[in-house]
Amino acid sequence: GDSQNIWWSDTVKLRVSGDTIVEGLSYKKILTQFGTIEKIVRKEGTQYFGRNHELYGGFSWEYLFLDENLPAGSTWVHVKNEGQLKTEYVVEEVNATHVLHGIEYKDVIKLRANYYDSYTDGTTFEYRYFAEHYYAKGIGEIYANYPYPASPIFGDLKISILPNPK
């Protein structure tokens with residue numbers, strides 16, 4: 001269908017709720033409105049690390065998903081799944097402004113995550129797809145874009161923070 005139409009919309013509430021220890025490190029738990037763990041995150045200096053909650057109640061290996069101190073053009077890589085998959089993070093903009101739902105967010109970092117699969121030799125990676133993430137200082141992630149096939153659905157997935165109702 002037309003990629004400009006919104007075919008489905010949903011609201012999910014996430015909240016920070018308590019701490020947990022994994023491999024000796026303390027993380028904040030990010031819970032859904034149903035009380036299930038969405039992911040766990042921790043901050044060390046200007047760096048943010050995460051572990052996604054995975055099927056059957058486990059967590060992924062820790063990965064760096066944001067460094068507030070890197071300039072535009074900086075990159076870092078996370079290799080996972082025993083070297084079969086790679087995510088390359090690229091800082092596209094820093095100190096940017098982004099408007100969502102009529103609200104202007106300042107001091108925004110825009111990241112691009114490029115996803116790769118390895119060839120059968122296990123050393124050469126092939127680019128597959130990308131996602132975008134926008135983080136506002138003092139707020140957190142305000143917007144994410146997972147164009148198909150990066151999204152877990154048969155279409156583009158866009159996620160945005162909603163204004164706090166008064």
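Lys 110 forms a salt bridge with Glu 92, and their closest N and O atoms are 3.5 Å apart. A salt bridge here is a side-chain nitrogen of Lys or Arg within 4 Å of a carboxyl oxygen of Asp or Glu. The pair links distant parts of the chain, with Lys 110 in strand S9 and Glu 92 in strand S8 (residues 85-100), 18 residues apart. Strands are DSSP runs (E, at least two residues), as helices are (H or I, at least four), numbered from the N terminus. Lys 110 counts as buried at 13% relative accessibility, and Glu 92 as partly exposed at 31%. Buried means under 20% relative accessible area, exposed over 50%, and partly exposed in between (1.4 Å probe, protein chains only).

This is a predicted model: local features need pLDDT of at least 70, side-chain atom pairs count only at pLDDT 80 or more, and totals for chains, interfaces and linings use all residues. Residues are numbered from 1 along each chain as its sequence is written, and side-chain values use heavy atoms, with hydrogens and water left out.

The structure holds ten salt bridges. The table lists three of them, including the pair described above.

| Salt bridge | Closest N and O atoms |
|---|---|
| Lys 110 and Glu 92 | 3.5 Å |
| Asp 117 and Arg 128 | 3.1 Å |
| Asp 19 and Lys 28 | 2.9 Å |

Asp 117 and Arg 128 form a salt bridge. This pair also links distant parts of the chain: Asp 117 lies in strand S9 and Arg 128 in strand S10, eleven residues apart. Asp 117 is partly exposed, with a relative accessible area of 26%, and Arg 128 is partly exposed at 41%. In the bridge of Asp 19 with Lys 28, Asp 19 is partly exposed at 45% and Lys 28 is partly exposed at 42%. A network of salt bridges links Arg 42, Glu 44 and Glu 62.

Strands S8, S9 and S10 belong to an open sheet of six strands, in the order S7-S8-S9-S10-S11-S12, with antiparallel pairing. Two strands pair if DSSP finds at least two bridges between them. The edge strands, S7 (75-80) and S12 (157-160), each pair on one side only. On average, neighbouring strands of this sheet are turned by 25° against each other, direction ignored; axes are lines fitted to C-alpha atoms, for helices over the stretch in contact, and angles run from 0 to 180 degrees between N-to-C directions. Strand S11 (residues 140-146) and S12 pair in the antiparallel sense over four bridges. Tyr 143 stands opposite Ser 160 in S12.

A search of the whole structure finds six aromatic pairs. One of them, Tyr 63 with Phe 65, is tilted, at 6.2 Å centre to centre and 55° between the planes. Rings of Phe, Tyr and Trp (its six-membered ring) pair if their centres lie within 6.5 Å; planes under 30 degrees apart count as stacked, over 60 as edge-to-face and the rest as tilted. Tyr 63 is buried at 12% relative accessible area, and Phe 65 is buried at 14%. Tyr 115 and Tyr 129 form another tilted pair, 5.4 Å centre to centre with 45° between the planes. This pair links strand S9 (residues 103-118), which holds Tyr 115, to strand S10 (residues 125-136), which holds Tyr 129, 14 residues apart. Tyr 129 is partly exposed at 29% relative accessibility. Ring pairs also link Tyr 48, Tyr 63, Phe 65 and Tyr 135 into a cluster.
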